[in-house]
Amino acid sequence: MPTPDASPDAGRATPAAVGTQADAGEAARERALAQTTALLAAGSTLIARPVPRPRITFDLRGRSAGQFRVDGGEASIRYNCALLAREEAQFLAQTVPHEVAHYLAYLRFGCHIRPHGPQWQQLMRALGADPRRCHDFDVAGLTTRRLRRHPYHCQCGEHALTSIRHNRILRGARYRCRACGQALRPGRAPAAATES
């Protein structure tokens, strides 16, 4: 039972509070962008070449704090707003340099190096961050996406490919079975092949 001075809306976010949260989120994104820009400028000196600004978005969800990727020749850095809001100081000190170091390593050494290998570790140290592979942020309540599985088969059995690989196949990629080396085909294995 509410106390006499408690309103029925106690505990609910008021429009003013929601606006304040949105403003705080926007300010945190601006600080993350500023930190990214500063580290990219420092990175230009580190790798001794100009560093074009990659596409930077704040659309990453789930438990990953950040992500660097190259898609179709375009580099991008994605940040997780929920983790930025929860752990801003650590996010700016660790996640932003982590993703910028991936980008600098890509520009300097290409895409054929280990993602968290010695080149990346050296760049992390040069950017003033500890070269740790994973964050230790509180991820309670954050969900990860669950990928749908699609049936594929080869001569030796059936395989369940994730939506990611299934979509790559639809765009022309090919996957082979590690056991028999045959190309994977969509659908379940024909009954005759599974009975032998």
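Reader: What is the relative accessibility of R31?
Author: This is a predicted model, in which local features need pLDDT of at least 70, side-chain atom pairs count only at pLDDT 80 or more, and totals for chains, interfaces and linings use all residues. Residues are numbered from 1 along each chain as its sequence is written, and side-chain values use heavy atoms, with hydrogens and water left out. Relative accessible area under 20% means buried, over 50% exposed, and in between partly exposed (1.4 Å probe, protein chains only). R31 counts as partly exposed because its relative accessibility is 41%.

Reader: With which residue does R31 form a salt bridge?
Author: A salt bridge is a side-chain nitrogen of Lys or Arg within 4 Å of a carboxyl oxygen of Asp or Glu. The closest N and O atoms of the R31 pair are 2.4 Å apart. The partner of R31 is E88.

Reader: Which residue pairs with R55 in a salt bridge?
Author: R55 lies in strand 1 (residues 55-57), and its partner, 19 residues apart, lies in strand 3 (residues 74-79). The closest N and O atoms are 3.3 Å apart, and the partner is E74.

Reader: What is the relative accessibility of R188?
Author: R188 forms a salt bridge with E158, with the closest N and O atoms 3.3 Å apart. E158 belongs to strand 5 (residues 158-162), and R188 to the loop between strand 6 (185-186) and helix 6 (191-195). E158 is partly exposed at 39%. R188 counts as exposed because its relative accessibility is 59%.

Reader: How many salt bridges does a search of the whole structure find?
Author: Side chains of opposite charge can pair when their charged atoms come close. Among the pairs here are R31 with E88 and R55 with E74. The search of the whole structure gives a total of 6.

Reader: At roughly what angle do the axes of helix 3 and helix 4 cross?
Author: Two packed helices are described by the angle and the distance between their axes. The axes of helix 3 (residues 88-109) and helix 4 (residues 118-126) come within 9 Å. Their crossing angle is roughly 130°.

Terms used: Axes are lines fitted to C-alpha atoms, for helices over the stretch in contact, and angles run from 0 to 180 degrees between N-to-C directions. Helices (H or I, at least four residues) and strands (E, at least two) are DSSP runs, numbered from the N terminus.
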